[in-house]
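The following exercises are to be worked with the sequence and the coordinates at hand. Each task is followed by a solution in steps.

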Amino acid sequence: MNELGFPILSLMLAVPMAASIACLFVGANAARWIALLATLIDFALGIVLWMHFDIGGVQWQFVEKAALFDRFSWALGIDGIALMLIMLSVFLMPICIGASWEAIQTRVGEYMAAFLLMEVLMIGVFAAQDIFLFYIFFEAGLIPMYLIIGIWGGANRIYASYKFFLFTLLGSVLMLIAMFWMVNEAGTSDIPTLMAYDFPVEAQAWLWLAFFASFAVKMPMWPVHTWLPDAHVQAPTAGSVILAGVLLKMGGYGFIRFSLPMFPEASVDYMWLVLALSMVAVVYTSLIALVQSDMKKLIAYSSVAHMAIVTVGLFAFNRQGLEGALVVMLSHGLVSGALFLCVGVIYDRLHTREIDRYGGLSINMPRYALLFLLFTMASIGLPGTSGFVGEFLSLVGVYEVSSWAAIVCTTGIILGAAYMLYLYRRVAYGVIKSDDVAAMPDLNKREIALLLPIALVVLWMGVYPESFMAPMRKDVGALEARLASVKPAGDAQVKMGKAPVLMPAAHAEEGHH
Amino acid sequence: MNYALWFQLASPEIVLSISSLVLLLIAAWGGVQSSRLVSILTVTALFGALALSFNFLLNPSFAEGADAFYGQYRMDRFASLSKILVFLSAIGCIIVAPKFFARGNLMRPEYPILVLFATIGMGLMVSAVDLLTLYVGLEMQSLAAYVLASFLRSDDRSAEAGLKYFVLGALASGILLFGLSLLYGFTGTTSFIGIQTAFGDGVSTGALFGIVFVLSGLAFKISAVPFHMWTPDVYEGAPTPVTTFFATAPKVAAMALTMRVAIEAFGGQQAVWQQIVIFVALASIILGGVAAIGQQNIKRLLAYSSINNIGFILIGLATGTEAGASAMMTYLIIYVAMTLGSFICVLDLNDREGRPVEEISKLAGLSKTRPGLAAALAVFMFSLAGIPPLFGFWGKFVVFDAAVAAGLIPLAAIGIAASVIGAFYYLKVVKVMYFDEPADVIAPSDSAARMALVTLTALFVSPLGYFATLALSPVTAGAAKALFWAA
């Protein structure tokens, strides 16, 4: 079995699954409580998982394997990277349920069922150790998300739900063909084995592209990011939180788990492509974010920019870059989730996302303004918040590979500060323009209970990131070692500085004479 | 010469033949009132044949398979598995029929008997290892099917469907027969193995024409593009239980027949027919996807969906490998469950006066008025689209896996990318049911049998189906192995 004596990962999948089915058959209020309880149980199980995770121990822990199916098996197991992403998922899920507590009034049972199913699939994606099991979890997420956007979304929800579904499906199907080829070639569908398998270099290029098609859409990278703003704007608040918080991370996770270790040569060959797309994304989407009048759209575009920082970090092929990318993923999961919650809070009061309708909220909603400010700063990457740690490391990492990429992406950070501060100024500062805005009450207890935990974790990650980086260190090291042989030289040629030598060697020799 | 053994090998068809003749007499004397009795007896006979086929499939002493009637007929695991699928589909279509025909009092004892005749024909088709058995089986199935299509004599659409089906079917039979005669003329034999041997040292131009004509005729029967034109019209016009039948049993039988012809008779000359199959497969996938988008009628939509799915199954044939054949059988099993389930859902869509509802727009908001049915139909739609974790994905999984293993990577890549087109219209049905405001047209179900069948098939294509893969794979692999016995 594993370290705990019971299959904890399967249990973490079973709890929300059972709750999801139960939600379909009960009334609205019961469904809310069942969902909250199930997600809290999963969060507790997540904490147990983290406590018992042996940092620096074997790479794959809590491994479970059962030959339940033909051609692929029920194989679960996590390394530090998966652990952190699972923690992110189980941490955000109860918050999502809480955020939907009052906002969702129609078909509550089905809504909660869809969310719990999402949780199953998200945990499954990060825990799967069989490549086909991974694919099933990865793709299956489309169905509940399609329903969440389509049933409970905004005015233009149908268009957004179709776009989301078809974009991501088209991106992913080619990956399946690549997986078939890989499994045929390597003779196993076991992910850890495949990660160490050396695929022929000429095949790697095709395989890499097939996987890239999927992960780039999921990530999303420019120019296939266009589904994201639509999906975000139309999705209900909790849907946006889960979309930005966890679903986008699946793309980054895919790069770390598949593209980089399985196709190292091809990853280096296509580094220019990733860096170029990321550079465009950072600047272009940041500029777009500057001119948005819809809050959710602005944050959606900022997500694209942040995800580009993740991709440059990943394709820096060094420890700083990889760790930075991972921390950005975690941090962005929290911060963008929190920002969408902040939008949700005022949307619930005024039912508009138009930035111009608001203003002066710091006068009548001081607590809200404070928390919103914190998350704004974390999104910008202010030192002391989680955003800084990740972005700094990513950019340091990529500077070694391409100073141009580092310079352009740093510009993006400045633009990021511009659009976020501009947003904050328009929403929170200035004078209150209308009576209905003035009548908006400050955060209630439920909303504080949703936002405060995220705020604390954001600060924790900003001040002491070691807690989050320690479990991942060994896995990043393994990946770095895998990439070491193919690592490009880079143009910056960063060298460790030398301490000045006080007495030149030749001189010393002379002295002996 | 061992007649006892031969009769034993053909026992499923013999049981059905004798039952059908006796039942015909009962129907002739009993009149309309006997339809209930005849239906029950037909289902019983089919269950008997089903049990015999299961015995052939699972009993190790029949593992090798055997020829009967001087190489006209072959019983092996491939035939048995196909027959099981055919019999199960036929049983389903008979069970759901009485409720449908009850409105207007149109149920006749001939309905189950005609289904039985067609089923006997299909049993012969999947066991045929000779061009003559092939043709006799095919015609027996087709003639019964033409009558079934126009079973609602007073309904113009049904009569039109029957006529259309007959005229085009006769044309296809002609093409097929012409191909068969060319094959016979150029190889001097009607036996599949004989043809394979004759093809051992190359295919003459005349025989090549024969292959093309035979494959065209068979493509008509499986409604593959470019011989698909009859499908939407016939599916729409025929009474829904009959459409359910057309979409399942004959598809299985014709596909199994195509596999046998391609792999046994033309087995040595894969290069000759492979490009035809690849074209037909891709054309079916793409046209089945694109043409369905504009459909307003759910039966027409499902017709295009079946064209689309046939394309995916044909990808397995294009590989020409054992893995490909096994994948096709797996896909066929899942396809039958999905199609049966979705058509029974359609059968259950009736308005308050009991009239059948076929317009997709009238399904609006079905998830609020009939949550169970909407959920089942959504499961079938996502499954037909091949979205994991539903079991329909597994069919595509094995087929594309076989294609990649056979080195047909461009085919697999184009095919799977084109499956996204299909996803669009399946999503449309889900969208109408779940996102739109209720139209409140559909009345509650009045048939427990239908609900039971829907539940059963929905559970099979739900993720629970994956637990069946361990049991299913040896069966389909065994069937595929039987197909390659001469290779």
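**Exercise 1: a covered helix in chain A**

α5(A) is mostly covered, with ten of its ten residues buried. This is a predicted model, in which local features need pLDDT of at least 70 and side-chain atom pairs count only at pLDDT 80 or more, while totals for chains, interfaces and linings use all residues. Residues are numbered from 1 along each chain as its sequence is written, and chains are lettered from A and ligands numbered from 1 in the order in which they are written.

Task. State which residues of α5(A) are buried and what covers them.

Solution. A residue is buried if 20 or more other C-beta atoms lie within 10 Å of its own, exposed if 12 or fewer, and partly exposed in between, with C-beta atoms placed from the backbone. Helices (H or I, at least four residues) and strands (E, at least two) are DSSP runs numbered from the N terminus.

Step 1: list the residues. The buried residues of α5(A) are A:Ile131, A:Phe132, A:Leu133, A:Phe134, A:Tyr135, A:Ile136, A:Phe137, A:Phe138, A:Glu139 and A:Ala140.

Step 2: identify the cover. It includes β2, α4 (108-127), α6, α7, α8 (191-196) and α11 (237-262) of chain A.

Step 3: examine one covering element. In strand β2 (residues 74-78) of chain A, four of the five residues are buried. Four bridges join β2(A) to strand β1 (residues 61-66) of chain A, and the two run antiparallel; strands pair if DSSP finds at least two bridges between them. Within this pairing, A:Ala66 stands opposite A:Trp74.

**Exercise 2: the contact between the chains**

Task. Determine how many residues of chain A are in contact with chain B, and which helix of chain A gives the most to that side.

Solution. Step 1: two residues are in contact if their C-beta atoms, placed from the backbone, lie within 7 Å. By this criterion, 25 residues of chain A are in contact with 26 residues of chain B.

Step 1: α5 (131-140), α6 (142-152) and α7 (157-186) of chain A each supply at least two residues of the side that touches chain B. The most comes from α7(A), with 13 residues.

Step 2: sort that side by class. It has 21 nonpolar, two polar and two charged residues. Here Ala, Val, Leu, Ile, Met, Phe, Trp, Tyr, Cys and Pro count as nonpolar, Asp, Glu, Lys and Arg as charged, and the others, Gly among them, as polar.

**Exercise 3: the fold of chain B**

Task. Explain why the radius of gyration of chain B agrees with that of a compact globule, and describe the surroundings of α10(B).

Solution. Step 1: the radius of gyration is taken over C-alpha atoms, and the globule rule is 2.2 Å times the number of residues to the power 0.38. For 487 residues a compact globule would have a value near 23 Å, and chain B has 21 Å, which agrees. The C-alpha trace of chain B spans about 65 × 55 × 40 Å along its principal axes.

Step 1: chain B has 20 helices and two strands, and 61% of its residues count as buried.

Step 2: seven of the eight residues of helix α10 (residues 230-237) of chain B are buried, so this helix is largely enclosed by the rest of the structure. Its buried residues, B:Trp230 and B:Glu236 among them, pack against α6 (131-149), α7 (156-187), α11 (240-265) and α13 (298-319) of chain B.

**Exercise 4: backbone geometry in loops**

Solution. Step 1: the bond from A:Trp222 to A:Pro223 is cis, with omega near 5 degrees. A:Pro223 lies in the loop between α9 (201-218) and α10 (227-234) of chain A.

Step 1: a cis bond also joins B:Val225 and B:Pro226, with omega about 10 degrees. B:Pro226 is in the loop between α9 (205-221) and α10 of chain B.

Step 2: A:Arg107, although not a glycine, has a positive phi of about 50 degrees. A:Arg107 counts as partly exposed because it has 19 C-beta neighbours inside 10 Å.

Step 3: phi of B:Phe69 is near 55 degrees. B:Phe69 lies in the loop between β1 (66-68) and β2 (73-75) of chain B.
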